[in-house]
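Have the viewer open as you read.

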Amino acid sequence: MDVKTDVLIIGSGIAALQAALLLEEHFQIQIVTKSSVYMSSSYRAQGGIAAVTSKEDHIKHHIADTLKAGEYHHEKRNVETLIEDGTKIMQNYLKTGLPIDRHLDGKPVLGLEGAHSHHRILHAGGDRTGQIFIDYLLHKLSPKTKVNCYEMAYELLLNTDGDCIGVLTKGEKGIKRYLAHHVILATGGAGALYSSTSNYPNNTGDGIALAFRAGAAISDMEFMQFHPSLLWCENKAKGLISEAVRGAGGTFVDAQCKPIMKGLHPQGDLAPRHITAHALFTKRAAGEETFIDIATIQNFDAKFPAIAQLCYDNQVHLQDGLIPVAPGSHFLMGGVIADDNGRTTIPNLYAVGEVACTGVHGANRLASNSLLEGITFGQKVAYFIIQQGCHQKNFLLDQPQYADKKPPLFSKQQLQQRMMQFVGIVRNIDDLQYFVQQLPSLQSLLHTNLEGMEQAELELFMMHVVATLMTHAAIIRTETRGAHIRTDKSEMDAQWASRWIIFSQGQLKVRNSLYEYHQTRGNAQTVF
């Protein structure tokens, strides 16, 4: 079955919806999403949106906090775009009715989270910011924008000129072929590659695998952020306990209620996530349990209704004042290389949100910058496509030669456990080398014929593509930086500063810039 449209958006989180709302005024839009529109990381987001809205704060402080949290492994001009444009977008949303939490005098309630120097986190419904924002955008979305749920995109389509012109999907109605002038990847991250994660099970990095197999450049795959506080019950992660809980006065403690972060970092319980996550990991590796002490937070149920319900559903009694927590995968800083307009190295293929790597998060994302990224670059990609228009005339498909049979794969559970064990927050070269030898080669994953695979097989295959990229990148970066700790290379190495590990067309390169540049009339321009 063929579906023709102007713009195809793969994914349904905040970046996808922000782009769709602007694009639908000009073009025909089709949205394809693997699950429900209510199962994105955006919808699940508790923490809020970081934006400068008070006189006490300043954009330069937000930029400085972002750079510091990410260990200065950034594309700085894109960080400036994120903060400057994102602030304007959020200020406009505040004027046009986004229902954020406000004081009685009408001023926004501003929260504080890890590694932020100022109170600047906007919330809605306490800890239901993502849910309320997504519902708000969906309500604004026109019925003429078609949303296709429960369809998995599994192969990008290129024309004979190498332009992206569509995608193949598989769902309840079988295989569908979408053809479009522009294709936007907004598929989110890959936290579900790990056994302990804050993500939904469907966050398996499909968009990155799609782009890699089509030949697009991928970077920063070694940088997976681990959140320190996932609700931990029955030896499983049950969901996220937002950093906002610690911003409201919660503290990390052990089973004897002794503070864990005391003396480890000047910001204590609101230290950057890799600091707190590593502290809890170390405690738990020594056989100790870890908790958030919420005894000092008054009216917890009213301030954090979703977290309270999560605890009640898992028989955690808040009146005891302790919430059991453990670290788990949360956010992938790497992904498909894209510029500030969302353009990837494949013409007419764009990437926005967590699936993209624009260098705005560095080696460790600053808390509550993710929703800001979605709305900022979702808007920029939409404006760029509006300016470009729909002029693709070549819909003659290239016929790639996928000759290889599916390589041996782990089961989903086996892969998740091994990723947690070997490519987790604490890593070493021996474990990484051992694991990569068990994974399929990148060349075999590039050339595997996916024809005839069922949806579950396709998802597992995509997970192996992403896991292999992550493991190779983790081996190459021989240092500790940002989100992870290398026990064999425990310090940052100056030789790795501003170095980017790039996968493209089956090749691995280490570059001095996220982008390749050339000089034209004195101005640096991005060329891929």
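## Cysteines

A disulfide here is a pair of cysteine sulfur atoms within 2.5 Å. This is a predicted model, in which local features need pLDDT of at least 70 and side-chain atom pairs count only at pLDDT 80 or more, while totals for chains, interfaces and linings use all residues. Residues are numbered from 1 along each chain as its sequence is written, and side-chain values use heavy atoms, with hydrogens and water left out.

How many disulfides does this rule give? The count is zero. The closest cysteine sulfur to that of Cys311 belongs to Cys233 and lies 7.4 Å away, too far for a bond. Both residues are buried (under 20% relative accessible area, with exposed over 50% and partly exposed in between, using a 1.4 Å probe and protein chains only): Cys233 has a relative accessible area of 9%, and Cys311 has 0%.

## Two packed helices

Helices are DSSP runs (H or I, at least four residues), numbered from the N terminus. H6 (residues 206-214) packs on H15 (residues 455-476) at about 80°, their axes 8 Å apart; axes are lines fitted to C-alpha atoms over the stretch in contact, and angles run from 0 to 180 degrees between N-to-C directions. H6 is therefore roughly perpendicular to H15, a label that covers 65 to 115 degrees.

Among the residues in contact (heavy atoms within 4.5 Å) are Phe212 and Arg213 of H6, along with Phe461 and Leu469 of H15.

## Confidence

The chain has a mean pLDDT of 94, with 98% of residues at 70 or more; pLDDT is the predictor's confidence in each residue, from 0 to 100. Over residues 518-528 the pLDDT is below 50, and this stretch has 21 contacts in the model beyond near neighbours in sequence.

Technical notes:
Angles under 35 degrees count as roughly parallel, over 145 as roughly antiparallel, 65 to 115 as roughly perpendicular and the rest as oblique.
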